[in-house]
Amino acid sequence: MKTRTAVATTGNLIMTGVVLMLLGDLLFALNDAMGKWLMTSFAVGQVLVIRSLGAFILLGPMIARQGPMALFRVEQKGLQFMRVAMATGDVALFYAAVAYLPLADVMTFYMAGPIYIAALSHFFLGEKIGWRRWLAVLVGFAGVVIALRPSTAMLSLPSLFGLAGSFSFALSLVMSRYLRSTSDTTLVTWQTVAALATGIGLSIGHWQPATPIDWSGMLLLGVVATCAHLLITRSLKLAPASLLAPLQYTLLLWAIVLGYIFFNDIPDMQIVIGAAIIVFAGLFIFHRKNLKETVPAEAVPPDGH
């Protein structure tokens, strides 16, 4: 009876992690669209500075409730520093790439993130990945390429920013899973502080005047991004990174929905086909994970699913 209760509790936690990841991806899609709009008028550093200040609208009360000194009582400081560096690089490189490339191209690079995460989780987190889920991740990425139709601009220098940013993003997520005993507030606060410091350095000589609407947009960007980071950080504490990684493909689905609501963009058949492939791959991976955890071990092929 206790075993059944433990399995049910674990299943509920994993499902909660999946839901939080999906909500976080929705907010990240909104963040990406807002960031693209702001980068047409402002430098990366300026956006990072105001975005980081906006983040403290949410983080301030959380830090006060936790206690400021708790920010300095962290485990494995070396890994914490590496995670902060990767998270900061992700944000800065994304904005640098999106300033020069179409959002769809940059998103293509970031859709490779689940492949990186699956590989890193397999080797560093001990989350065993079998050939079926490897294949499903690759099929999902193929669906992204079909839907986004990356342009020849991907071969330019800014494309390297996108590739490096997507790898930094994947590493930061894997480290978040590894450091899951650290509070969400501490994890997100330090990456926000690092982004603020980086933004101050990059904005020297590139600061531009802005309207109240622009300032509000940059502050709101920080609020939205912080909510997304908090949701995803929490999700990684509840469910395996290798299971959550393919859900990043839903960023494309959110982009289609937001594009239709705000810009009246109707996806063509190629995008619909690509999105269908992505959904199928994600659901298959989720099914294989559930199968592995809910049936006797002898009933599952020994390849690790």
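This is a predicted model: local features need pLDDT of at least 70, side-chain atom pairs count only at pLDDT 80 or more; totals for chains, interfaces and linings use all residues.
Q: How many helices and strands does the protein have?
A: Helices (H or I, at least four residues) and strands (E, at least two) are DSSP runs, numbered from the N terminus. Here there are 12 helices and 0 strands.

Q: How is the packing of two helices described?
A: By the angle between their axes and the distance between the axes. Axes are lines fitted to C-alpha atoms, for helices over the stretch in contact; angles run from 0 to 180 degrees between N-to-C directions. Take helix α3 (residues 77–98) and helix α4 (residues 103–110): their axes come within 9 Å and cross at roughly 145°.

Q: Which residues of α3 and α4 make the contact?
A: Contact means heavy atoms within 4.5 Å. From α3 come Asp 90, Phe 94, Ala 97 and Val 98; from α4 come Leu 103, Val 106 and Tyr 110.

Q: Is Gln 191 buried or exposed?
A: Buried means under 20% relative accessible area, exposed over 50%, partly exposed in between (1.4 Å probe, protein chains only). Gln 191 has a relative accessible area of 7%, so it is buried. Gln 191 sits in helix α8 (residues 184–203). Leaving out residues up to four places away in sequence, Gln 191 touches Arg 83, Val 84, Ala 87, Thr 88 and His 229. Across the protein, 50% of the 305 residues count as buried.

Q: How do Ile 256 and Phe 262 count by accessibility?
A: Ile 256 counts as partly exposed because its relative accessibility is 21%. Phe 262 counts as exposed, at 54%. Ile 256 lies in helix α11, and Phe 262 is found in helix α11 (residues 250–263).

Q: Which residues make the nonpolar surface patch?
A: Like charges are joined within 9 Å, nonpolar side chains (Val, Leu, Ile, Met, Phe, Trp, Tyr) within 5 Å. Areas come from the Shrake-Rupley method with a 1.4 Å probe; for residues, only the protein chains shown count as cover. Val 257, Tyr 260, Ile 261, Phe 262 and Ile 266 make a patch of about 560 Å².

Terms used: Residues are numbered from 1 along each chain as its sequence is written. Side-chain values use heavy atoms; hydrogens and water are left out. Patches are made of residues with over 30% relative accessible area and no salt bridge: like charges are joined within 9 Å, nonpolar side chains (Val, Leu, Ile, Met, Phe, Trp, Tyr) within 5 Å. A salt bridge is a side-chain nitrogen of Lys or Arg within 4 Å of a carboxyl oxygen of Asp or Glu.
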